[in-house]
Amino acid sequence: MSAVEPRYAEALLQTAENRQQAEKIGKTIEEFSSLLQSSTDLKFFMLNPVIPIKEKKTLLKQLMQDDAPLFAQNFLMLLVDKGRLVNLTAIVDTYNRMMAQQNGVLIVRVISAKPLTQDELDEIAETYRKKHGAEQVQINVEVNAKLLGGIKVQIGDVLTDDSIYGRLQKLTTAIGQ
């Protein structure tokens with residue numbers, strides 16, 4: 001993540017809160033981000049520097065739903081103008097994390113070698129709830145068999161790697177030196 005995403009996300013959240021539309025604006029931006037990620041053609045068109053900005057904005061207006069907040073549309077237009085649409089997914093993630101943090105929710109990304117049981121997820125949630133003093137913990141789980149065993153835990157920009165694969169990588173690096 002670059003330094004750009006937190007600045008855009010913070011400005012978006014502050015303005016959305018001032019308009020008392022933080023959830024609706026966040027949802028609109030997130031929906032467009034999902035659409036952009038899911039459509040190869042749309043992504044190619046919107047991120048292609050050869051295509052004129054005016055054409056991108058015209059398409060963006062056509063894609064926006066009638067009930068989409070005007071500020072959300074204008075924010076996306078700004079990203080198009082500044083060539084920052086490529087950063088949209090990271091801006092949305094940062095926005096959601098900031099909003100959750102304001103609501104006392106800690107977002108924890110857990111990557112494991114195999115699916116975790118509910119008891120294991122509850123234990124992880126409780127550990128990080130206490131450690132960070134959060135009211136609630138939202139766990140987003142991904143499975144990656146390449147880890148061989150153990151887990152990786154990411155909170156914000158901090159990644160803790162307690163996987164077997166990670167330990168083997170560290171050992172390989174240490175031996176190679």
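**Salt bridges, a helix crossing and a surface patch**

Lys 57 and Asp 81 form a salt bridge in which the closest N and O atoms are 2.9 Å apart. The pair links distant parts of the chain, since Lys 57 sits in helix H4 (residues 53-63) and Asp 81 in helix H5 (residues 70-82), 24 residues apart. Lys 57 has a relative accessibility of 24% and therefore counts as partly exposed. Asp 81, at 37% relative accessibility, is also classed as partly exposed. The model behind these values is a predicted one.

The wider setting of this pair is the fold of the protein chain. Its secondary structure comes to eight helices and four strands. Read from the N terminus, the elements follow the order α-α-α-α-α-α-β-α-β-β-β-α. Taken along the principal axes, the C-alpha atoms of the protein chain fill a box of roughly 55 × 40 × 30 Å. The protein chain has 177 residues, of which 37% count as buried.

Among the helices, H1 (residues 4-18) and H6 (residues 88-102) can be described as a pair. Two packed helices are described by the angle between their axes and the distance between the axes. For H1 and H6, the axes come within 8 Å and cross at roughly 55°. That angle makes H1 oblique to H6. The crossing of H1 and H6 is right-handed.

Lys 27 and Glu 31 are separated by about one helical turn because they stand four residues apart in helix H2 (residues 22-38). Is Lys 27 buried or exposed? With a relative accessible area of 53%, Lys 27 is exposed, the threshold for that class being over 50%. Glu 31 has 38% relative accessibility, so this residue counts as partly exposed.

Glu 142 pairs with Arg 109, and the closest N and O atoms are 2.7 Å apart. Glu 142 is partly exposed at 36% relative accessibility, and Arg 109 is partly exposed at 29%. Elsewhere, Glu 126, Arg 129 and Lys 130 are linked in a network of salt bridges.

The loop between helix H7 (118-132) and strand E2 (136-143) contains Glu 135. Glu 135 has a relative accessible area of 64% and is therefore exposed. Which distance separates Glu 135 from Asn 103 in space? Computed along the sequence, they are 32 residues apart, while their C-alpha atoms lie 8.4 Å from each other.

The surface also carries a nonpolar patch. Leu 148, Ile 164, Leu 168, Leu 171 and Ile 175 form this patch, and together they have about 500 Å² of accessible area. One of these residues, Ile 164, is found in helix H8 (residues 164-176). Ile 164 counts as partly exposed because its relative accessibility is 41%.

Notes: Residues are numbered from 1 along each chain as its sequence is written. This is a predicted model: local features need pLDDT of at least 70, side-chain atom pairs count only at pLDDT 80 or more; totals for chains, interfaces and linings use all residues. Side-chain values use heavy atoms; hydrogens and water are left out. Patches are made of residues with over 30% relative accessible area and no salt bridge: like charges are joined within 9 Å, nonpolar side chains (Val, Leu, Ile, Met, Phe, Trp, Tyr) within 5 Å. Accessible areas come from the Shrake-Rupley method with a 1.4 Å probe; for residues, only the protein chains shown count as cover. A salt bridge is a side-chain nitrogen of Lys or Arg within 4 Å of a carboxyl oxygen of Asp or Glu. Helices (H or I, at least four residues) and strands (E, at least two) are DSSP runs, numbered from the N terminus. Buried means under 20% relative accessible area, exposed over 50%, partly exposed in between (1.4 Å probe, protein chains only). Axes are lines fitted to C-alpha atoms, for helices over the stretch in contact, and angles run from 0 to 180 degrees between N-to-C directions. Angles under 35 degrees count as roughly parallel, over 145 as roughly antiparallel, 65 to 115 as roughly perpendicular and the rest as oblique. A crossing is left-handed if the near helix is turned anticlockwise from the far one by less than a right angle, and right-handed if clockwise.
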